[in-house]
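User: I am new to this structure and would like to be taken through it. Could we look at it together?

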Amino acid sequence: MSAAEFAYLNGRVVPWDDARVHVFAPVAKYGIGVFEGLRGYWNEEAQQLYLFRVAEHLERYAFSQRAMRFDQPMFSDDLTEALVRLCRANAFRTTVHIRMMAFIDGPGELGATGPVGTAITALPRATAKQSIEGASAQISSWMRMPDNVMPARIKCNANYHNARLAIMQAQLDGYDVAFLLNSRGKLAEAPAMCVFIVRDNRLITPSGTNDILESITRQTVIQLAREYLGLDTVERDVDRTELILAQEVFYCGTGAEITPVTSVDRIVVGNGEPGAITRQLMEIYRAIVTGKNAAYASWRTPVF
Ligand code: PMP
């Protein structure tokens, strides 16, 4: 039994167990799909569920499909409306993680570009415990795939096999998270997360040409840090030893939100506690995503 009663498949809200695809579909055979992960934040006081930055997620979703040469979807629904409809059907009154997928259905082979199916799922998902306590990071022996091997800038399913290997290695070795370097030996990102460091009270993050996903949370953090803390972010190459020199390290992403990193390769970051700038950013971020801070209203789509 799933924690959600309904899912969305090809234009219809359907019972969770009815959201199925055939095993012969290219998405099952070769993983030919792209996806987006979004969060909806429950605001108890307002009795409202706010979906965060839907427009930006839909824009990247469209870009992922274009880059993978997908045909038009079988049903060209208004996806914002579909997201709202699904959350309403499930009557969520808690924070949720939403997954939106475009996938190659039908009997095709590796070169198939359609028919394109659309699926959306939404499930309750609280903030991870590492986000509160801090995470331990391992510099992975897996390299982040370069953009000319797999398109790092999009969310196609196959990219996540690179991430999966790194996560599994880190967890088996007793760490919470993996940091992947790129083919030039510079910091790229963590599986499904972008990384920031703080040095001399300045935020630094790998630039967009370091084989990272152009993360919506990363862009949000850059904007909030400037506006609320008066801190500019330098986007540049980051060396692995800078992770040790840094006063603070954190990672961010839709699922991970903002999570402090308290050690890298078992070397303690700062004093081993979540850093002051990281904590301030976490607080501002939470106030914005939940709508407790009314600024950036256009970033929040109300469900109810
Ligand atoms: N990198 C990768 C590879 C990801 O899958 C994600 C999650 N979408 C991120 C970074 C963080 O991106 P965002 O802030 O847009 O969720």
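User: Which residue stands opposite Ala178 in E8?
Analyst: Gln138 stands opposite Ala178. The model is a predicted one. Strand E7, residues 135-143, pairs with E8 in the parallel sense, over 4 bridges.

User: Is E8 enclosed or open to the outside?
Analyst: E8 is largely enclosed by the rest of the structure, because 5 of its 5 residues are buried.

User: And which way do the residues of E8 point?
Analyst: Val177, Phe179 and Leu181 point one way, while Ala178 and Leu180 point the other way. Residues on both sides are buried.

User: What does Leu181 touch?
Analyst: Leaving out residues up to four places away in sequence, Leu181 touches Ile139, Met143, Arg144, Lys186, Leu187, Ala188 and Arg240. Leu181 has a relative accessible area of 12%, and the cut-off for buried is under 20%, so Leu181 counts as buried.

User: How far is Leu181 from Tyr296?
Analyst: Their C-alpha atoms are separated by 34 Å, and the two residues are 115 residues apart along the chain.

User: Changing topic: what is the strand order in the open sheet of 7 strands?
Analyst: The order is E2-E1-E6-E5-E3-E4-E16, and the pairing is antiparallel. Strand E2 (12-15) and strand E16 (300-302) stand at the edges; each has a single partner strand, so one side of each lacks a neighbour in the sheet. On average, neighbouring strands of this sheet are turned by 30° against each other, direction ignored.

User: What holds strands of a sheet together in pairs?
Analyst: Strands of a sheet pair through backbone hydrogen bonds, in either a parallel or an antiparallel arrangement.

User: Which helix packs on this sheet?
Analyst: Helix H2, residues 54-67, packs on the sheet. H2 touches strand E3 (33-43), strand E4 (48-52), E5, E6 and E16, and its direction makes about 170° with that of E3.

User: Tell me about E6. Is it mostly covered or mostly exposed?
Analyst: Strand E6, residues 116-124, is mostly covered, with 7 of its 9 residues buried. Strand E5 (residues 96-104) pairs with E6 in the antiparallel sense over 9 bridges. Within that pairing, Val96 stands opposite Pro124 and Ile104 stands opposite Val116.

User: How many bridges join E1 and E6?
Analyst: Strand E1, residues 6-9, pairs with E6 over 2 bridges in the antiparallel sense. The bridge partner of Leu9 in E6 is Ala119.

User: And how do E1 and E2 pair?
Analyst: E1 and E2 pair in the antiparallel sense over 4 bridges, and Phe6 has Pro15 in E2 as its bridge partner. The two strands form a hairpin with 2 residues between them, in which Asn10 takes a positive phi near 45°.

User: What about pockets? How much space lies in the largest pocket?
Analyst: About 880 Å³ of space lies in the largest pocket. It is lined by 41 residues, and those closest to its centre are Arg125, Pro191, Ala192, Met193 and Gly255.

User: Which element gives the most to the lining of that largest pocket?
Analyst: H5 gives the most, with 6 residues. Each of E3, E5, E6, helix H5 (159-172), strand E8 (177-181), helix H6 (216-229) and strand E13 (248-253) supplies at least two residues of the lining of the largest pocket. By class, the residues of that lining divide into 20 nonpolar, 12 polar and 9 charged.

User: How many cavities of 30 Å³ or more are there?
Analyst: The structure holds 1 such cavity. The largest cavity contains about 30 Å³ of space. Its lining consists of Arg144, Asn162, Ala163, Leu180, Glu189, Ala190 and Pro191, which divide by class into 4 nonpolar, 1 polar and 2 charged residues.

User: What does Phe304 touch?
Analyst: Not counting residues up to four places away in sequence, Phe304 touches Trp42, Gln48, Leu49, Cys87, Arg88, Ala91, Phe92 and Arg93. Phe304 and Ala91 are 213 residues apart in sequence, and their C-alpha atoms are 9.2 Å apart in space.

Notes
Residues are numbered from 1 along each chain as its sequence is written. This is a predicted model: local features need pLDDT of at least 70, side-chain atom pairs count only at pLDDT 80 or more; totals for chains, interfaces and linings use all residues. Side-chain values use heavy atoms; hydrogens and water are left out. Buried means under 20% relative accessible area, exposed over 50%, partly exposed in between (1.4 Å probe, protein chains only). Two strands pair if DSSP finds at least two bridges between them. On a 1 Å grid over the protein atoms alone, a cavity is a set of points where a 1.4 Å probe fits but cannot get out, and a pocket is an open set with protein on both sides within 12 Å along at least five of seven lines; lining residues have an atom within 4 Å of a point. Grid points are joined across faces, edges and corners, and a volume is the space filled by probe spheres set on the points. Ala, Val, Leu, Ile, Met, Phe, Trp, Tyr, Cys and Pro count as nonpolar, Asp, Glu, Lys and Arg as charged, and the others, Gly among them, as polar. Axes are lines fitted to C-alpha atoms, for helices over the stretch in contact, and angles run from 0 to 180 degrees between N-to-C directions. Contact means heavy atoms within 4.5 Å.
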